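Subject: Structure handover

Hello,

Here is the structure you asked for. Please open it next to this message, as the notes below go through it piece by piece.

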Amino acid sequence: MSASVPELLFIQPSLTLAKAVLSLLVGGLLLSLLPYLFRKHLEDKDGHTIPPGPLLRYACLRKYPERTLYAWAKKYGPLFSVWMGDQLFVVISDPQVARDLLVTNGAIFSSRKQYFIKNQVILRGRAITASPYDDKWRQHRRIAMQLLAPKAVQGYAHLLDYENRIMLRSLFNETNQGTLPIDPAHYVGRFAFNNMLTLSFGTRTDTATDPLVEKAILMAMEFMDLTDFVEPLQKIPTYTRYRGYKLHDDLVEVYGAMILRVKARMDAGEDVPDCLAKTLLEHQEKENLDWEDVCMLTAVFTLGGVHSVSGIILWFLALIPSHPEIQARAHEELDRVVGRENWPTAEDEHHLPYIRAIIKEVQRVHTPQWMATPHCSSEDFVFNGMYIPKGTVLILNCYSLHHNEERYPDSFAFNPDRYLGDDLSCAESAKLPDVMQRDHWTFGAGRRICPGLAVAERELWLAISCLLWSFTIHEIPGEPISLEEYEGSSGRTPLPYRVKLVPRHGHLGSILTDEEEKTIKF
Ligand code: HEM
């Protein structure tokens, strides 16, 4: 039934009023939201303002955020700021600025923000990497360095060497002596994982099919994927938060069980090999370490030391087929210096400058963590007239640093020649007084620089020099390998791919099958 004219006259004004009220409400709401959409202006008492940056605030950045940060650095300069929700981020894109802030002023810029899913939900503020810059962090890092310092690495270098040979043998066997194509990810992942198992628990997986390999690789991948920069999102039960809790529980379940096994063996008076779990159990009372400390410290070796190492080896295998001339030069150097009868060893490293240069260049071009691990400032600071308030998160954008044309001319090209003549290890290079001479920033900077650097360098040397010594690496026709896309957000590995590994020596099989897989009682 339709309304009569007097009724319409009555309804019309109330409708207009309702519309006006609604418009006012929507307008008011939009106005109140404005400060949350646009960047906040901050200045200190002397009028110094925060570094320049984009006008809007962000909840997240697009896929491959390092590229957005690289474009912003070109627009806003070597130190710019961006608001992620209500958190201020400052992005470092220049080597001198990185040195000035993270090294020279390391006392102020070496903490970690506490609210990220990674740091609170998964690692519970522990595991070295998630600790604020305090005595607990110093204590945990000191304990870990007992196994990670270069001298300690020397003591177990033969075990890394053994795992490397096992990896090569698996690749040789699984490819039916180089006749079948292979996705190397599982075998390379197992190499890195077994090294960390040896360090953490004095054990290893003794078959490539051990389900623990896949489980550990998935947990490390999940860890790399769970990055959350916006604080309020933590308070709502998102799927990401659920995954964070689940990962924490999985880590305690898997690695906690391993620690208990080490403890049972120690209690039974068995001769347990030196490892992180043994060290932690021996000193648990004296160092006042709780169960979560012990679990998270052992877990971080596999979280920090598996995908990073295997990622670089996988990037190497992905890119080298498209550089046959570089591969041929590497083979020539190996044949000339090492010959075909013996493996390249750690002692050969300084006589193989081209192989060293290839490894450094892979690390520059395919850094596993383009944005390193964010640092956090623990005091207000003014840098070159720009205000960096306490609690700011600092990102070292290695993507920008590694594409600095002054330091690396033609920076997007893969060119190992740029490292010829660089005889320093990454750790030595990070200490050079002239920061423009530093090889690359793959291991971060300042007081939080990766403590696993020495062991990682040794693993990379062994794996890449021996892969080159053993095989000629080819792409499979019709299966192009993407060097642009990748998996993971805080750590990156290439998308799955296959290659052909053609043995370079007729006797490779006999050399590789010399060694039997060891089963370590655990
Ligand atoms: C190629 C391999 C590796 C790469 C590229 C890498 C990279 C990094 C980076 C970028 C950081 C952050 C540094 C910073 O905050 O400035 C870091 C920290 C860390 N890494 Fe590594 N890493 C590697 C291997 C390892 C290994 C093998 C281990 C363990 C055995 C390890 C354990 C850690 C730990 C515990 C931290 C936290 C340090 C702290 O907050 O004080 N990493 N790593």
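Leaving aside its neighbours within four places in sequence, which residues is G178 in contact with? They are F172, F471, L501, V502 and P503. Keep in mind that this is a predicted model.

More on G178. This glycine sits in the loop between helix 6 (150–174) and helix 7 (185–201). G178 counts as buried because it has 20 C-beta neighbours inside 10 Å, and 20 or more is the cut-off for buried. P409 is 231 residues away from G178 along the chain, and their C-alpha atoms are separated by 37 Å.

Overall picture

The chain has 19 helices and ten strands. A compact globule of 522 residues would have a radius of gyration near 24 Å; the chain has 27 Å, which agrees. Along the principal axes, the C-alpha atoms fill a box of roughly 105 × 65 × 60 Å. Of the 522 residues, 41% are buried. Take the contacts between residues at least 6 apart in sequence: 71% of them join residues at least 24 apart.

Annotated segments

The unreviewed UniProt entry carries the annotation "transmembrane region" for residues 20–38 and 294–318. In the model, residues 294–318 are 96% helix and 0% strand. The end C-alpha atoms of that stretch are 36 Å apart.

Cores

The largest nonpolar core has 95 residues. I313, F316, L460 and I464 have the most contacts inside it. Helix 18 (residues 453–470) gives the largest share of this core, eleven residues. A second, separate core has 38 residues, including A73, F89, A98 and I108. Back to F316: beyond its neighbours within four places in sequence, F316 is in contact with V362 and I464.

Ligand

How many residues surround the ligand? There are 27, and the closest are G305, S308, G444, C450 and G452. Four helices each supply at least two residues of this shell: helix 5 (135–148), helix 12 (291–305), helix 13 (307–319) and helix 18. The largest share, four residues, comes from helix 12. By type, the shell divides into 15 nonpolar, ten polar and two charged residues.

Backbone points

Most residues other than glycine have a negative phi. Two residues to look at here are R124 and A372.

- R124 is not a glycine, yet its phi is positive, about 55 degrees. R124 is in the loop between helix 4 (117–122) and helix 5.
- A372 also has a positive phi, near 45 degrees. A372 is in the loop between helix 15 (353–365) and strand 3 (375–376).

Are these two buried or exposed? R124 has 16 C-beta neighbours inside 10 Å, so R124 counts as partly exposed. A372 has 26 other C-beta atoms within 10 Å, so A372 is buried.

Best regards

Technical notes: Residues are numbered from 1 along each chain as its sequence is written. This is a predicted model: local features need pLDDT of at least 70, side-chain atom pairs count only at pLDDT 80 or more; totals for chains, interfaces and linings use all residues. UniProt positions are given in the numbering used here, feature names are shortened, and annotations may be inferred rather than shown by experiment. A nonpolar core is a set of buried Ala, Val, Leu, Ile, Met, Phe, Trp, Tyr and Cys residues joined through C-beta atoms within 7 Å. A residue is buried if 20 or more other C-beta atoms lie within 10 Å of its own, exposed if 12 or fewer, and partly exposed in between; C-beta atoms are placed from the backbone. Two residues are in contact if their C-beta atoms, placed from the backbone, lie within 7 Å. A residue is near a molecule or strand if its C-beta atom, placed from the backbone, lies within 6 Å of it. Ala, Val, Leu, Ile, Met, Phe, Trp, Tyr, Cys and Pro count as nonpolar, Asp, Glu, Lys and Arg as charged, and the others, Gly among them, as polar. The radius of gyration is taken over C-alpha atoms; the globule rule is 2.2 Å times the number of residues to the power 0.38.
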